[in-house]
Amino acid sequence: MTITMPSLNEQLSRRDAYGLLDVGLDVLLPAAAARRDAAHGAVITYSRKVFIPLTQLCRNVCHYCTFAQSPRKGQAAFLSIEKVLQIARAGTVAGCKEALFTLGDKPELRYEAARKALAETGHETTLSYLAAAARAVYRETGLLPHVNPGLLDAGELAALRQVSISLGMMLESTSTRLCEHGGAHYGSPDKNPAARLETIRLAGQSRVPFTTGILIGIGETRTERLDALLALRDLHQRYGHIQEIIVQNFLPKSDSLMAGAVAPSLEDHLWTIAAARLIFEPSMNIQAPPNLRANALKSLIDAGINDWGGVSPVTPDHVNPEAPWPRLDELSMSTRAAGKELTERLALYPEYVRELDRWADPVFRTAVLHHVDGDGFARTDTWSPGVQEGPAHEDLRLIGAKPLPIAGAEVQSILGRATAGETLAQVEIVRLFRARGDEFTAVCAAADELRRKMNGEIVSFVVNRNINYTNICSYRCQFCAFAKGKGSKDLRGKPFDLPLEEIKRRVREAWDRGATEVCMQGGIHPSYTGATYLEICRAVKSEAPGMHLHAFSPLEVWQGAKTLGLPLCDYLEQLKDAGLGTLPGTAAEILDDQVRQAICHDKLTTAQWLEVMRAAHSLGLRSSSTIMFGHVDRYEHWARHLLRLRALQIDTGGITEFVPLPFVHMESPIYRKGQARRGPSFRETVLMHAVGRLALHPVVSNIQVSWVKLGTEGVKACLRAGANDMGGTLMDETISRAAGGSHGQEMSVTDMEKLLCAMGRLPQQRSTEYGMPPQDAMARARSQHAAGTRAHQFAQEPAASEMAAAGGCAA
């Protein structure tokens, strides 16, 4: 029989699926691996778990199983809640995020001992006790329960959905022969294929993320394996709820009824894995347990798996106790040796995390958000923007690693197009954000090489002062801990509204200390009109005519024009005439209205933000550009944001730099409400600078890193991954501090230069628009350091000698 292998966007017909019976591994394995790579790239996932065997009593007598036991004198029928919590707490200490509950099927229907033990706990059924145990584990330890309870009806599924993040049950086989006398499932009523398929169907109907699969080598034929896989495909196509397909190989056990059976060969296992990969869509997760083929991990990867399942650093595999889990560092090395990157996930797979409201009970929402990155994978670092704790050594090691690893063909192709200045597609930018391991190193290296070509070894900065003239705001941005308004009285700081005389005093002080720029923004005060912003401009210029005024977000400009009833261009002309020099590209947050609806629903839309920028650029008012990321957003939102900035710059040429602003979560209202992640991971933060460089090349030539949000080590990392600018010395920084940031309010010129010189870079003071500032201003800034003006966070000893006029390194 001749079959046609499916393209990456197609699926096998049922006829062609059965045609796989005649196809050899030399054809199947490359096709399966390519199908896997198209959706999963270089990532092989696993879940770090604890295994909790709630009860080993079972009403079934599967002939291959040694997990199920009969009641024994002196042995508890069920683990106590205290023992369950003891196991779970050990898992928490070991960094686990999943609590896997495995148990026998409804033992109370067979054993008096089970009924008696349940009654002593106040429960009538095993499922009721399971729900109580899962609820206790989540409440006391924060581990996310995944439960494997056997056959369930709709009501039981609904009840367990409220206490578990996902459920599972192996289909094993659709062969009714195995339920007949002499078969592996004889005497096991819960192994009836139709009943198991009905439970899986009901799980889909109930929007329960579900784990299932087949057990091979228990007497079924290859045709029957295909029957089972196709039955599961039919259910998944209807409901979309099957998270993974496990292809598990039977291992004979000496004390089982099938002790003399022959285990399936490795070749048979590989054939079945490849068949599963080809039958399902490329995005399906295909799993093989690594402890059951410990000496053939590369072969399993070559056959098309993308997941190892749950692996425990704490508890044994109670179902296969003779097969110990691999150590996670060894599993990582074996996975890397096969050309893949081991990546941790939750019990809830990333694609289901991305649709959390649909697939999980609301009780788990906050815990999941705190556990994941922007793509839905497990968050493995403890670093967050604004915290004192530095990034992990491993994260730093990957940046600039030598020798430079070679990324796969897909990533290399995208990097080639980016470095050639081509506009990348959204999916290509998302692919770069998904880079991990060697791919991460390659992306950072490509961005850094572009930085070197565009900017050389110079790292620029501006001596400036932040002046936030009010924190009183009528808007209700959910991420903002700076603004004071209704519902924000418990947040940091008190409301303020600076009088013009205080603004002028701060401007004069900044000028005397060598600042060439004041950066001015504030909340949208309910009594402010467009005239207020004009008065601020005139006050600044009257006090320091030579000071560059970098002020007013697009939201403030929009609000000012609206209150005066003026077209945007007319109002911007008035601001320019009053002294406005450039605009900060803030209030952009994420230029995607889906995200904006969640974090700043009453703010400017994406189109309105872009409209203000186009109007400003048309009048010769240039601007920076920003992204505030790492809260409820995902990688596709980041990609759309970058593409919209690129399109704006191609049209207007008015953007001076791109400034990634990682979300500082600690005091943010949306985080305190449990509705946001804890900022981007360190990997994501570095990638935003690197991918920003690549995606905006060559139209935006300056990528800025925020020392306020990232600290010393974060700054160094981003300067090795495409960034070439450190922004301003600031003198006063309040917005990140209000959100909980702790990296200080000011970095002196000399401290900034010492930091850069230690990296082998050439510090260069600049103007707001990337020109050279006046010599007298540069001299004033350095004299202030000599007079004793110190950085709050970066205090170091004075430089050995004066810097070069352009801001060179100490001799």
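**View 1. Burial in the chain.** Of the chain's 811 residues, 62% count as buried (under 20% relative accessible area, 1.4 Å probe, protein chains only). The model is predicted: local features need pLDDT of at least 70, side-chain atom pairs count only at pLDDT 80 or more, and totals for chains, interfaces and linings use all residues. Numbering starts from 1 along each chain as its sequence is written, and side-chain values use heavy atoms, without hydrogens and water.

**View 2. The fold as a whole.** The chain has 31 helices and 18 strands (DSSP runs numbered from the N terminus: H or I, at least four residues, for helices; E, at least two, for strands). Its C-alpha trace spans about 95 × 55 × 55 Å along the principal axes. Contacts (heavy atoms within 4.5 Å) reach along the sequence: among those between residues at least 6 apart, 77% join residues at least 24 apart.

View 3. Three cavities of 30 Å³ or more are present. A cavity is a set of points on a 1 Å grid, over the protein atoms alone, where a 1.4 Å probe fits but cannot get out; lining residues have an atom within 4 Å of a point. Volume is the space filled by probe spheres set on the points, which are joined across faces, edges and corners. The largest cavity holds about 1000 Å³.

**View 4. The lining of the largest cavity.** The lining has 50 residues; Thr-102, Asn-148, Met-170, Gln-248 and Val-319 lie nearest the centre. Strands supplying at least two lining residues each include strand 1 (43-55), strand 5 (210-216) and strand 6 (242-249).

Terms used
1 Å grid on protein atoms, 1.4 Å probe; cavity = no way out; pocket = protein on both sides within 12 Å on 5 of 7 lines; lining within 4 Å. Buried < 20%, exposed > 50% of the residue type's maximum accessible area, 1.4 Å probe, protein only.
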